[in-house]
Amino acid sequence: MRKLFPTIMMLIFAFVMIYPFLWMISTSFKQPFEVFEYPFHWISDHPTIKYHENVWTGPASFANYYLNSLKISIISTIGAVFLAAVAAYGFSRIEFKGRDTMFVIYLVAMMIPNQIIFIPKFIMFNAIGIYNTHMALILPGIFTVLGVFMLRQFFIAVPKDISESAMLDGAGHFGIFLRMMLPMAKPSLATFAIIDFSWHWNDFENALIFLLDKKLYTVSLGLQNFVLENTVDYNGMMAAATAGMIPMIIVFLIGQKFIVEGLASSAVKG
């Protein structure tokens, strides 16, 4: 009985969090006149799948947007996870003069709003010829201060005796990083990968500013096509948003395995 009340409260909070998503899915199968009807009906009296069909087969097909978003998100996430892990290892395990000061200066970049550097990035990207290309989103995306901070905290928590013992056996920093640190850091790497992938998949501002060609549009920009001149295609927008959730769900289902493993057992075993 002591667990009953917390369980009920958690179910209520879970429903509050998932309610907008359920409304989105329900609306995607409704007719336009049913969107704002009162009282609200979860299941439409006239269900239709035409809006989901339009997402993939209509004049503004989401197939190309999907491929663009997957390309940007996957490449950026892989690059960000690898570079963040390398930098985090350097800041936590390699002794050099001014290391901590450099890391603090590096963290200051987290305090700079992204909107402030739009103009410098625009000038620089235009000068090197990557404006209006996917590289304008991928190249900055593989460098992340948050990832370095997260992974550094994990590497610091690993006892130094492990890496020192490996060095006595003849292993270098590169071998220790690949063979010891990365396998132990799977939960942290998976957590950061999920966060980073979701950030790139849902990124709207950078795509809006640095992409002009509609063939290069991402899913977040593709949703704008459902905003018409005088009205909004709510049903089509909800169908498109529902389709846009699928990669996020897949990434979470894949990554949660490693997160659960990290919570269930210690990363360092004697």
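How much accessible surface does the protein chain have, and what share of it belongs to carbon and sulfur atoms? It comes to about 16500 Å², with 71% belonging to carbon and sulfur atoms (Shrake-Rupley method, 1.4 Å probe). Keep in mind that this is a predicted model: local features need pLDDT of at least 70, side-chain atom pairs count only at pLDDT 80 or more, and totals for chains, interfaces and linings use all residues. Residues are numbered from 1 along each chain as its sequence is written, and side-chain values use heavy atoms, leaving out hydrogens and water.

**Overall build**
- You're looking at 13 helices and 0 strands (DSSP runs, H or I of at least four residues for helices, E of at least two for strands, numbered from the N terminus).
- The C-alpha trace spans about 70 × 65 × 30 Å along its principal axes.
- Of the 270 residues, 37% are buried (under 20% relative accessible area, 1.4 Å probe, protein chains only).

**Aromatic rings**
- The whole structure holds 16 aromatic pairs (Phe, Tyr or six-membered Trp ring centres within 6.5 Å; planes under 30 degrees apart are stacked, over 60 edge-to-face, the rest tilted).
- One of them is edge-to-face: tyrosine 89 with phenylalanine 155, 6.3 Å centre to centre and 80 degrees between the planes.
- That pair ties helix α3 (residues 62-93) to helix α7 (residues 145-157), with the partners 66 residues apart.
- Tyrosine 89 is buried at 4% relative accessible area, and phenylalanine 155 is buried at 0%.
- Elsewhere, ring pairs join Phe118, Phe122, Phe125, Tyr131 and Phe210 into a cluster.

Note on methods:
Buried means under 20% relative accessible area, exposed over 50%, partly exposed in between (1.4 Å probe, protein chains only).
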